[in-house]
Number of protein chains: 2
Amino acid sequence: MKQRDGAPRLWIKIDFAGRGQIGPGKIRLLRGIAEQRSIAAAARAMEMSYRRAWLLVDQMNKTFGRPVVQTHTGGNDRGGAELTPLGAEIVARYQQLLERAQSQSDGKLDELAALIRPAD
Amino acid sequence: MKQRDGAPRLWIKIDFAGRGQIGPGKIRLLRGIAEQRSIAAAARAMEMSYRRAWLLVDQMNKTFGRPVVQTHTGGNDRGGAELTPLGAEIVARYQQLLERAQSQSDGKLDELAALIRPAD
């Protein structure tokens, strides 16, 4: 993603009318789980409690009606976890959407940033 | 803004690298102040405390380095308030940005929504 230093940045949350929301926090957690292959390790890297991470995963499972993360060694994931194909697809599509919105909005973002009077 | 019923919706927050953020809550507050001509009335309409509303306005003043709201009858705005030209411009440009991002992202939003399995 192209990103100039100091340039204003978009944060995007998608609200699935009555089915929950997906935003930067959940996407970051999914990425962390993919990298760390563990919900607990991903939570730790985000300084988030395991309980909170598990809750966010559970919310996404409910939003999409299917699991976004697959855990090994039974119900407790401390043994390991990975994204399901659905979870990986959500991350990829969110990233595409964010990049598209950011690149299409650059002019508008710059106009807003131009309203800022620098501190002197 | 075109908005299909039940269609996923974008929430956009703009992060001005180190200078604060503008998102739906602050924009809604500015709109409310413009309509109600009062910070207190706008806060009430949003079920937000007066103190919280004032804090958000103050944050925006600091982000932009100039006032976004002008109050009458001295420091306490209970007498009346209105957006400065800067405040009005922020609302307008945010709205343009949101509409552009939403319309440019429609395909991607639909792809994400298509991953949802309807509850049955």
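Colleague: Where is Arg37(A) in the chain?

Modeller: Arg37(A) is in the loop between H1 and helix H2 (39-45) of chain A. Helices here are DSSP runs of H or I with at least four residues, numbered from the N terminus. Keep in mind that this is a predicted model, where local features need pLDDT of at least 70, side-chain atom pairs count only at pLDDT 80 or more, and totals for chains, interfaces and linings use all residues. Residues are numbered from 1 along each chain as its sequence is written, and chains are lettered from A in the order in which they are written.

Colleague: What makes the phi of Arg37(A) worth a remark?

Modeller: Its phi is near 55 degrees, a positive value in a residue other than glycine. Most residues other than glycine have a negative phi. In chain B, Arg37(B) also has a phi near 55 degrees, and Arg37(B) is found in the loop between H1 and helix H2 (39-45) of chain B.

Colleague: Why is Arg37(B) called partly exposed?

Modeller: Buried means under 20% relative accessible area and exposed means over 50%, with partly exposed in between (1.4 Å probe, protein chains only). Arg37(B) comes out at 49%, so it counts as partly exposed.

Colleague: And what about Asp110(A): buried, exposed or partly exposed?

Modeller: Asp110(A) has 34% relative accessibility, so partly exposed is the label. Asp110(A) is in helix H4 of chain A.

Colleague: Why are H1(B) and H4(B) called oblique?

Modeller: Angles run from 0 to 180 degrees between N-to-C directions, with axes fitted to C-alpha atoms over the stretch in contact. Under 35 degrees counts as roughly parallel, over 145 as roughly antiparallel, 65 to 115 as roughly perpendicular, and the rest as oblique. The axes of H1 (residues 24-36) and H4 (residues 85-113) of chain B come within 10 Å and cross at roughly 130 degrees. The pair is therefore oblique.

Colleague: Which residues make that contact?

Modeller: With contact meaning heavy atoms within 4.5 Å, H1(B) brings Pro24(B), Ile27(B), Leu30(B) and Arg31(B), and H4(B) brings Gly87(B), Ile90(B), Val91(B), Tyr94(B) and Gln95(B).

Colleague: How do you know how confident the predictor is about chain A?

Modeller: From pLDDT, the predictor's confidence in each residue, from 0 to 100. Chain A averages 87, and 88% of the residues score at least 70. In chain A, confidence is lowest in helix H4 at a mean of 89 and highest in helix H1 at 96.

Conventions. Side-chain values use heavy atoms; hydrogens and water are left out. Helices (H or I, at least four residues) and strands (E, at least two) are DSSP runs, numbered from the N terminus.
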